[in-house]
Amino acid sequence: MAHEVRNRMRFGVFLPPLYRPSGNPSWDLERSLQLAEKLDALGFDELYFGEHHSGGWEIFGSPEIMIAAAAQRTQRINLGTGVISLPYHHPFNVADRALLLDHLTRGRAIIGVGPGALPSDAAMLGIDYTTARERMEESLEAILALLEQDGHVDRKTEWFELCRAQLHMKPYTRPRPEFLVTAVASPSGPRLAGRLGLPMLALTVSTPAGKEALAEHWRIAEEEATKAGRSAPDRARWRLVTPMHIAPTTAKAEDQVAYGIEDSGEYFFRDAGILRNLIESAGLPPDASKTDVFRSTGMGVIGTPQDAIEHIEGLQETSGGFGTYLIMLQDWADHTDTLRSLELFAEYVMPHFQDATVRREENWSTFQADSERAIEVANEAARKARETYERSQSR
């Protein structure tokens, strides 16, 4: 009987990062690079570095620099920007850096783009945050033109200009490195992704509203692709992100995240209204712990590998299917426990979705079923060997 054939699901980590402001920033950066080495060794497929400029927690000012450093310490894992805030940069510079990373990593760079997550970042740069999505769209169109088109590119908008612009080199990856568009709450991300034929990176799946929007976002992307005369989006290239920490038991996982979940939760739930609504919708007491909020609302996993499997299967059902699951690391546990959580994920969760153990388990079942006969054969072989030896000694 033929086996069902399905795509190999991919897994990765999304590292905004979320490091407490009281920590040593040099060590925080170093452990991020050590994490890249660990994920590469464990067989994870992707690792994303964020871009933020305010707040004290998310301290990667340049995901491109993080990728360049991590690429020197890794061999196979793909390294992504999660994400470049396009309104903060001239599109020519973004295209040039993406091109350079594509060559330096030999095609392992993934370029995630978005409008910018923190209004405080835009404020420091004197940018009207209400124009961010429009600027992102204008920038992304120019970047793709620079990477894909031969000849020169001329563009002029209210905030940037390209005059006979041309990059030095063609991309290492043809026709260009993979680009991802963030899909948050509004339909602007899915609309842009569908129109330009780009995959989506769903960053708000950990909220109930974000989870509910998944199917709608996919519908919008499909409709926009059709309008633009493009083929339907490929679900295998859709990335979904939620927080997760696992341990051998739920009690141990909860004990480990007690290290930092309250502090991290204060930043994650910096909109007090959202936190209050989550607590009320889950029927929790007003003073509920952040652990209870994450677990009771299904926003993420604090539990066992089996809990992680059920969570991802639930996302597959809710979304209609996607190809890559990314763990958003929240710095809930200490460094050692975080690494152990990732080891458990690689050991028990990833194989479940990649059919990695199917033939081993089939072989073991066959071996067990045939074990009695195998023992008889082995004993018969040993008996014949003894008889042969005894005959040789009697001559």
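Which helix does E224 lie in? Select E224 and you will find that this residue lies in helix α8, which covers residues 214–227; helices here are DSSP runs of H or I with at least four residues, strands are E runs of at least two, and both are numbered from the N terminus. Before going on, note that this is a predicted model, in which local features need pLDDT of at least 70 and side-chain atom pairs count only at pLDDT 80 or more, while totals for chains, interfaces and linings use all residues. Residues are numbered from 1 along each chain as its sequence is written, and side-chain values use heavy atoms, with hydrogens and water left out.

Stay with E224, which is buried at a relative accessible area of 13%; buried means under 20%, exposed over 50% and partly exposed in between, with a 1.4 Å probe and protein chains only. Leaving aside residues up to four places away in sequence, E224 touches R191, G194 and R195, where contact means heavy atoms within 4.5 Å.

Next, select strand β9, residues 239–246. Eight of its eight residues are buried, so the strand is largely enclosed by the rest of the structure. On one side you will see R239, V241, P243 and H245, and on the other L240, T242, M244 and I246, all of them buried, so that both faces are covered.

- Strand β8 (residues 200–202) pairs with β9 in the parallel sense over two bridges, and L240 in β9 is the bridge partner of A202.
- Strand β11 (residues 324–328) pairs with β9 in the parallel sense over five bridges, and I327 in β11 is the bridge partner of T242.
- Strand β10 (residues 301–303) runs parallel to β9 and is joined to it by three bridges, with V301 in β10 as the bridge partner of M244.

Then turn to the largest nonpolar core, which has 77 residues, and select F44, L140, F179, Y325 and F345, the residues with the most contacts inside it. A nonpolar core is a set of buried Ala, Val, Leu, Ile, Met, Phe, Trp, Tyr and Cys residues joined through side-chain atoms within 4.5 Å. Apart from this core lies another, of 15 residues, among them A247, L278, L284 and I302.

To finish, select L104, whose place is in helix α3 (residues 91–104).

How values were computed:
Two strands pair if DSSP finds at least two bridges between them.
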